[in-house]
2 protein chains.
Amino acid sequence: MITQASSAESESGPAQQAWSRLLRAAAATKRELAAELQEAHGISITAYEALHVLSTAEDQQLKRGVLAERLALTPSGVTRLLEGLEQAGLVEKAACATDLRVSYARLTDAGRERLRAASCGHTGSIRALFERHLAPGEVEQLAELLGRLPGAQEEEGDVCPAAAAEVAAVADASSERTP
Amino acid sequence: MITQASSAESESGPAQQAWSRLLRAAAATKRELAAELQEAHGISITAYEALHVLSTAEDQQLKRGVLAERLALTPSGVTRLLEGLEQAGLVEKAACATDLRVSYARLTDAGRERLRAASCGHTGSIRALFERHLAPGEVEQLAELLGRLPGAQEEEGDVCPAAAAEVAAVADASSERTP
DNA sequence: GAGCTATAGTTGAGTCTGCAAGCAAACTTA
DNA sequence: TAAGTTTGCTTGCAGACTCAACTATAGCTC
């Protein structure tokens with residue numbers, strides 16, 4: 001051995017190792033994909049994620065607070081993010097009929113289009129990135145493990161069905177809330 | 001099902017799922033641990049990582065560029081980071097005897113002490129965080145998988161033994177460069 | 001229904017980090 | 001040894017987020 005410890009992980013336990021690798025993997029992959037996405041479609045990773053999250057939401061809209069949770073951002077982070085997306089016309093504000101405090105972020109047609117345009121290349125890059133380093137089964141395994149960490153499991157149960165229904169009625173009642 | 005898709009991951013493949021979970025897990029855990037570390041010891045996560053990396057390096061010093069790789073930062077990020085750490089007296093600059101362009105970052109006694117003070121609590125929090133969500137074997141598995149992603153594998157082979165040796169001679173020749 | 005407390009979101013100020021450009025030292029090549 | 005190139009680091013500027021403080025609305029309790 002030339003160095004006392006070859007990596008930053010040295011004698012620390014598996015949790016420390018997982019932690020530092022999580023930080024670095026996130027930083028490195030983010031930088032790589034961000035450059036590509038910005039270059040090709042002029043949006044940041046977070047913006048893409050936001051568009052994607054909205055596109056999968058009922059009526060393509062979400063309370064700002066819920067969006068914050070879904071993206072693991074703080075409320076103020078969402079305000080700033082949407083500020084940009086609204087200015088770009090990709091997202092629009094919508095009021096809530098039952099609670100004047102809440103405001104929804106709704107995907108516009110332009111936003112939907114931009115997402116569609118970006119999604120193919122971006123998801124391809126993501127897949128390529130992961131599959132370059134991991135076997136398919138391992139990718140799933142990784143997803144499963146990461147899914148149990150904080151930040152990733154805030155899913156379902158946040159939709160405020162009652163209020164959402166009312167707003168939906170105002171805006172566009174064509175959704176398929178199947179029962 | 002009430003919503004069309006309960007999470008941002010919807011119909012996308014495992015790679016997309018892994019990716020978005022990676023982003024969120026990193027964001028969420030980082031925020032949590034950063035607050036704690038800042039509160040308790042007045043340093044950021046990156047600063048802690050830097051101190052830790054340096055502490056495991058030969059002679060507790062590293063070329064700034066190498067430090068950048070190890071932390072998955074850009075060179076400019078390292079310059080700014082060290083700016084702060086140097087001002088705080090936790091790290092000091094050291095010149096390289098053989099190449100005037102390079103400058104080393106070296107842990108000071110104060111830095112070593114600060115790291116020591118912070119490390120117990122911080123590593124404990126990390127372990128707690130991971131073990132709260134994953135079984136011990138899963139933590140190792142996660143570490144292994146993350147270790148194969150970009151950013152995490154830049155280890156060993158960067159030490160520039162020749163130059164390091166010369167600087168070491170100037171500063172402190174007590175290292176165990178065995179063979 | 002007047003006050004309390006809780007919740008949703010925004011805003012000001014600051015931190016961290018990156019990119020692009022710049023500078024200086026080292027290396028290459030003729 | 002004088003270009004020309006590459007490498008290591010720093011700097012100016014900008015973007016993305018956060019925290020803390022604030023506003024406005026809701027909901028509760030008496």
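Biologist: Which strands does H4(A) lie across, and at about what angle to S2(A) does H4(A) run?
Modeller: H4(A) lies across S2 and S3 of chain A. Its direction is at about 110° to S2(A). Bear in mind that this is a predicted model.

Biologist: What sort of sheet is that, and in what order do the strands come?
Modeller: It is an open sheet of three strands in chain A, ordered S1-S3-S2, with antiparallel pairing. Strand S1 (61–63) and strand S2 (91–95) are the edge strands. Each has a single partner strand, so one side of each has no neighbour in the sheet. From one strand to the next the twist averages 30°.

Biologist: How many bridges join S2(A) to S3 of chain A?
Modeller: Five, and the two strands run antiparallel. S3 of chain A covers residues 103–107.

Biologist: Which residue in S3(A) is opposite Val91(A)?
Modeller: Leu107(A) is the residue opposite Val91(A).

Biologist: Step back a bit. What is in chain A overall?
Modeller: Chain A has seven helices and three strands. Along the sequence the pattern is α-α-β-α-α-β-β-α-α-α. Chain A has 179 residues, and 39% of them count as buried.

Biologist: And what share of the contacts join residues at least 24 apart?
Modeller: In chain A, 52%, taken among contacts between residues at least 6 apart in sequence.

Biologist: Now strand D. Which residues come nearest?
Modeller: Of the 24 residues around DNA strand D, the nearest are Gly77(A), Leu100(A), Gly65(B), Ser76(B) and Thr79(B). Two or more residues come from each of H4 of chain A and helix H1 (14–41), helix H3 (64–71) and H4 of chain B.

Biologist: Which element gives the most to the surface near DNA strand D?
Modeller: H4(A), with five residues. The residues near DNA strand D divide into seven nonpolar, 10 polar and seven charged.

Biologist: Why does Ser55(B) count as partly exposed?
Modeller: Because Ser55(B) has 18 C-beta neighbours inside 10 Å, and a residue needs 20 or more to be buried, or 12 or fewer to be exposed.

Biologist: What does Ser55(B) touch, leaving out residues up to four places away in sequence?
Modeller: Gln60(B), Leu107(B), Arg112(B) and Leu115(B). As for Arg116(B), 61 residues along the chain from Ser55(B), the two C-alpha atoms are separated by 9.9 Å.

Biologist: Last thing, confidence. What is the average pLDDT of chain A?
Modeller: Chain A averages 83, and 79% of the residues score at least 70. For the model, ipTM is 0.84 and pTM is 0.83.

Biologist: Where in chain A is the pLDDT under 50?
Modeller: Residues 1–10 are one such stretch, with 24 contacts beyond four places in sequence in the model. Residues 155–179 of chain A are also below 50, and that stretch has 31 contacts beyond near neighbours in sequence.

Technical notes: Residues are numbered from 1 along each chain as its sequence is written. Chains are lettered from A and ligands numbered from 1 in the order in which they are written. This is a predicted model: local features need pLDDT of at least 70, side-chain atom pairs count only at pLDDT 80 or more; totals for chains, interfaces and linings use all residues. Helices (H or I, at least four residues) and strands (E, at least two) are DSSP runs, numbered from the N terminus. Two residues are in contact if their C-beta atoms, placed from the backbone, lie within 7 Å. Two strands pair if DSSP finds at least two bridges between them. Axes are lines fitted to C-alpha atoms, for helices over the stretch in contact, and angles run from 0 to 180 degrees between N-to-C directions. A residue is near a molecule or strand if its C-beta atom, placed from the backbone, lies within 6 Å of it. Ala, Val, Leu, Ile, Met, Phe, Trp, Tyr, Cys and Pro count as nonpolar, Asp, Glu, Lys and Arg as charged, and the others, Gly among them, as polar. pLDDT is the predictor's confidence in each residue, from 0 to 100.
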